[in-house]
Amino acid sequence: MPGKLKVKIVAGRHLPVMDRASDLTDAFVEVKFGNTTFKTDVYPKSLNPQWNSEWFKFEVDDEELQDEPLQITVLDHDTYSANDAIGKVYIDIDPLLYSEAATVISGWFPIYDTIHGIRGEINVVVKVDLFNDLNRFRQSSCGVKFFCTTSIPKCYRAVIIHGFVEELVVNEDPEYQWIDRIRTPRASNEARQRLISLMSGELQRKIGLKVLEMRGNAVVGYLQCFDLEGESGLVVRAIGTACTLDKLSNTSAFLPACNSPSKEMKEIPFNEDPNPNTHSSGPSTPLKNQTYSFSPSKSYSRQSSSSDTDLSLTPKTGMGSGSAGKEGGPFKTLLRQQTQSALEQREFPFFTLTTFPPGFLVHVGGVVSARSVKLLDRIHNPDEPETRDAWWAEIRQEIKSHAKALGCHAVVGYSESTSICEEVCILSASGTAAVLNPRFLQDGTMEGCLEQRLIEEASPPGCGFCHIPYDELNMPFPAHLTYCYNCRKQKVPDVLFTTIDLPVEAIVIGKGCLIQARLCRLKKKAQAEANATSISNLLPFMEYEVHTQLMNKLKLRGMNALFGLRIQITVGENMLMGLASATGVYLAALPTPGGIQIAGKTPNDGTYEQHISHMQKKINDTIAKNKELYEINPPELPEEIIGSPIPEPRQRSRLLRSQSESSDEVTELDLSHGKKDAFVLEV
């Protein structure tokens with residue numbers, strides 16, 4: 001799609017004094033795009049020049065329009081010496097390439113110098129004219145919108161959520177090239193600034209191409225990161241969720257109803273709150289008529305792992321005797337097998353979104369995370385970034401395995417980050433394992449609709465997402481489970497950690513608050529592999545201690561759930577630091593958190609025991625004050641109906657044995673559960 005870029009330089013103001021003799025400036029402007037450069041006339045002796053130049057025209061391909069920034073350089077003219085640089089302006093042309101976007105951008109832009117900072121302003125007018133090109137082999141992705149927000153923007157509705165997109169671009173860092181020894185610091189800074197802008201544009205274009213291949217038109221939850229790896233190079237990477245968005249207008253507030261013979265269900269935009277009790281009880285409706293769905297069948301990444309398809313995507317929810325549902329057990333088993341065979345053909349879906357419509361999340365398993373420590377090596381060929389791709393592919397595969405162990409078939413609220421110090425890089429990824437409603441699948445079948453009816457009957461609105469998706473008898477970790485305080489039918493954990501926002505249908509008692517945990521750990525100064533090994537040994541204990549702090553602070557405030565959890569691990573020369581932040585709330589479906597007990601061996605000293613009892617009293621008083629402050633007053637429920645709300649401290653083996661003994665359905669441990677190749681048996 002060829003295009004024409006037109007630029008007009010209007011005026012400048014508040015320019016710095018460049019000529020000490022006259023305290024004025026002889027300013028002119030260079031306009032560069034690609035390999036073409038234009039210049040304005042010199043406006044003599046003024047700090048507020050009025051150029052009013054002619055239109056500078058560049059005829060370029062749309063691929064260049066996406067990759068290249070418009071570069072405007074303001075200089076001071078010198079007759080007998082080299083011209084002095086005042087500063088530069090980089091303008092990204094990509095926002096002008098959307099079909100419904102304005103084709104003109106104009107106004108005052110700050111003139112920035114990498115040494116002296118902002119040095120005045122310049123008034124510029126930029127126009128873009130695109131010519132339609134239906135060539136399906138083109139390498140541009142004009143028209144794809146990018147949104148950094150992790151929810152669907154308010155002026156749009158999501159027609160389809162296609163799935164996860166990622167891309168990675170690498171290059172050599174200009175700061176570490178041989179020419180950097182002989183050029184000025186300003187030239188070195190500007191070379192790096194231009195390269196970062198070019199790589200960012202190229203990355204966004206490649207992400208857009210993947211979205212177009214998935215038949216989408218937007219990326220939501222777009223996260224772009226720059227990894228400055230020193231001598232190893234410069235890496236720009238991005239992740240996001242590919243969607244098909246439709247712009248809302250006054251006429252599209254009410255959309256065509258589904259073809260259900262029993263009820264007229266208005267289609268509701270993805271970003272608004274539909275009535276959770278409204279669903280069709282008639283035959284299945286073709287999902288192409290529905291407002292929103294998601295299609296994880298095409299999750300685009302550079303490297304597709306063959307083992308991805310081996311992951312079972314069937315939600316392994318424990319349907320106990322208290323489960324609701326009209327169909328019998330054998331029918332449920334058959335239905336789950338049919339749903340599993342359909343889901344196993346799809347790619348494991350990741351979503352960078354954190355906000356969803358009611359009913360989208362069926363069950364939330366909890367936070368899944370993976371970390372890896374890598375030694376950086378020099379990037380030999382920037383066009384082949386396989387090493388970095390393989391690193392992230394390993395991390396994502398580990399996240400998938402964790403989610404599968406929790407009985408979940410998707411990861412929502414997914415994010416990735418790095419921390420680099422010298423030649424060691426820590427790669428981190430985290431998300432929330434979840435079971436999604438089959439109704440939102442793009443290629444839904446009758447089995448999916450029947451599964452949805454079972455889910456809706458078994459998961460009352462307001463507490464369904466809290467119910468455990470994993471098998472109670474073969475849990476991958478010890479946990480204390482009780483029956484849901486809301487519906488009293490399904491089991492729930494005693495605490496819930498997630499990286500997503502609080503669902504709109506969640507029943508919350510009282511107010512929420514910020515909860516943070518901070519941790520520092522010293523490490524020995526070392527080089528290369530020894531340094532990476534010491535960091536690898538510290539990481540698991542740091543993460544465990546951060547979670548322990550979060551648990552204790554959550555109990556101290558009388559709450560039982562965390563939302564929007566973010567954990568950052570930063571590495572330095574002789575220290576590691578961890579920071580975790582989240583929003584704590586009290587979910588009505590989960591049990592009341594138990595108090596914090598000071599335990600351990602104490603010396604036979606009366607004053608010490610008195611001090612311990614005094615501290616215990618202060619803790620109990622603080623919990624009571626926090627409950628009053630955050631208005632946490634859960635209704636009292638009979639203990640015989642829901643079981644003991646406060647878990648008693650037990651040993652791990654005793655806990656597992658008690659869970660097995662309390663079951664009436666399964667009498668022995670299923671060692672082949674979840675297609676595991678290996679298992680650990682505690683005796």
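Before you start: residues are numbered from 1 along each chain as its sequence is written. In this predicted model, local features need pLDDT of at least 70, side-chain atom pairs count only at pLDDT 80 or more, totals for chains, interfaces and linings use all residues, and side-chain values use heavy atoms, with hydrogens and water left out.

**Exercise 1.** Work out whether the length of helix 7 agrees with its number of residues.

Step 1: find the helix. Helices here are DSSP runs of H or I with at least four residues, strands are runs of E with at least two, and both are numbered from the N terminus. Helix 7 covers 606–629.

Step 2: get the expected span, which is 1.5 Å times one less than the number of residues. For the 24 residues of helix 7, that gives 34 Å.

Step 3: compare. The end C-alpha atoms of helix 7 are 34 Å apart, so the two values agree.

**Exercise 2.** Find buried residues in helix 7 and something that covers them.

Step 1: use the cut-offs. Buried means under 20% relative accessible area, exposed over 50%, and partly exposed in between (1.4 Å probe, protein chains only). Q616, I619, I623 and N626 are buried.

Step 2: look at the spacing. An α-helix has 3.6 residues a turn, so residues three or four places apart point the same way.

Step 3: look for the cover. It includes helix 6 (528–556).

**Exercise 3.** Decide how W178 is classed: buried or exposed?

Step 1: locate W178 in the loop between strand 10 (156–171) and helix 2 (185–213).

Step 2: check its relative accessibility. The value is 65%, so W178 counts as exposed.

**Exercise 4.** Say how confident the predictor is.

Step 1: pLDDT is the predictor's confidence in each residue, from 0 to 100. The protein chain averages 77, and 72% of the residues score at least 70.

Step 2: Over residues 296–345 the pLDDT is below 50.

Methods
Contact = heavy atoms within 4.5 Å.
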